[in-house]
Amino acid sequence: MKQNVASKFGQGLTPRQFVEGMTKNQQAFESWYEKFAWADESDREYFESLNHRDDLRVLILAADWCGDVVRNVPVVFRILETAGIKTEVLILEENQDVMDNFLTMGGRSVPIVIFADTGGYVLGHWGPRPEHVQSLMRQFKQENPDREAADYEGKITEVRKAMGQAYGEGTESHAVIAKELRSLISGF
């Protein structure tokens with residue numbers, strides 16, 4: 001049975017309300033939002049072409065303390081604005097019930113961008129980070145399953161550093177996110 005998130009429609013924050021309500025990382029979030037530019041004109045045209053579709057809704061599970069939210073959600077906001085898709089943000093701590101349906105490797109990682117139809121049936125989701133960054137964490141977890149191991153903290157610090165490098169210094173990951181979202185949406 002497909003998951004249904006219709007009960008959450010109208011319960012979230014608008015993207016602007018989310019940004020205005022941020023108590024952490026607001027300046028960095030807004031900076032990434034302002035830096036967004038389309039790297040590929042065909043991606044921009046694709047997302048613009050979605051403006052005629054009124055059958056999609058997006059819920060984004062997020063928390064302002066999360067670095068991946070700060071890096072990725074501004075890009076997702078800009079892409080969804082271009083697409084004209086109705087978007088709401090659900091605060092992670094207030095929506096554990098939804099979060100628990102979208103765990104990443106068994107954990108509560110955000111952001112999770114949930115695409116649903118107007119009836120609330122989930123069509124697909126993206127997150128918490130671009131695949132080339134997420135693959136580093138997936139490999140780390142496979143190689144380090146014991147969180148109590150003496151060297152776990154040191155190793156996770158290293159993988160987080162590598163993930164930061166994988167994001168790149170600037171906006172390189174923005175085009176990757178656009179391509180991943182385009183690929184996902186093209187399937188429904």
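Here's a quick briefing on the nonpolar cores and aromatic rings in this structure. Keep in mind that the model is predicted. In soluble globular proteins, nonpolar side chains tend to be buried together. Here, the largest nonpolar core takes in 48 residues.

**The cores**
- Phe18, Phe29, Ile60 and Phe77 are the residues with the most contacts inside the largest core.
- Helix 4 (residues 67-83) supplies the largest share of this core, with 9 residues.
- Apart from this core lies another one of 8 residues, including Val133, Phe140, Ile156 and Val159.
- Take Ile60 as an example: leaving aside neighbours within four places in sequence, Ile60 touches, among others, Val73, Val76, Phe77, Leu80, Val89 and Ile112.

**Rings that pair up**
- The count comes to 8 aromatic pairs.
- Phe18 and Phe77 make an edge-to-face pair, because their planes sit at 90°, with the ring centres 6.5 Å apart.
- That pair links distant parts of the chain: Phe18 is in helix 1 (residues 15-20) and Phe77 in helix 4, 59 residues apart.
- Both Phe18 and Phe77 are buried.
- Phe115 and Phe188 form a tilted pair, at 5.8 Å centre to centre and 45° between the planes.
- Phe115 lies in strand 3 (residues 112-117) and Phe188 in the segment after helix 8 (172-186), so this pair ties together parts 73 residues apart in sequence.
- Phe115 is buried, at 0% relative accessible area, whereas Phe188 is partly exposed, at 24%.
- Phe36, Trp38, Tyr46 and Phe47 form one aromatic cluster.

**Charges over rings**
- Lys35 lies over the face of Trp32, 4.8 Å from the ring centre.
- Arg78 has its charged end over the ring of Tyr33, 4.6 Å from the centre.

Terms used:
Residues are numbered from 1 along each chain as its sequence is written. This is a predicted model: local features need pLDDT of at least 70, side-chain atom pairs count only at pLDDT 80 or more; totals for chains, interfaces and linings use all residues. Side-chain values use heavy atoms; hydrogens and water are left out. A nonpolar core is a set of buried Ala, Val, Leu, Ile, Met, Phe, Trp, Tyr and Cys residues joined through side-chain atoms within 4.5 Å. Buried means under 20% relative accessible area, exposed over 50%, partly exposed in between (1.4 Å probe, protein chains only). Helices (H or I, at least four residues) and strands (E, at least two) are DSSP runs, numbered from the N terminus. Contact means heavy atoms within 4.5 Å. Rings of Phe, Tyr and Trp (its six-membered ring) pair if their centres lie within 6.5 Å; planes under 30 degrees apart count as stacked, over 60 as edge-to-face and the rest as tilted. A charge sits over a ring if NZ of Lys or CZ of Arg is within 6 Å of the ring centre and within 35 degrees of the ring normal.
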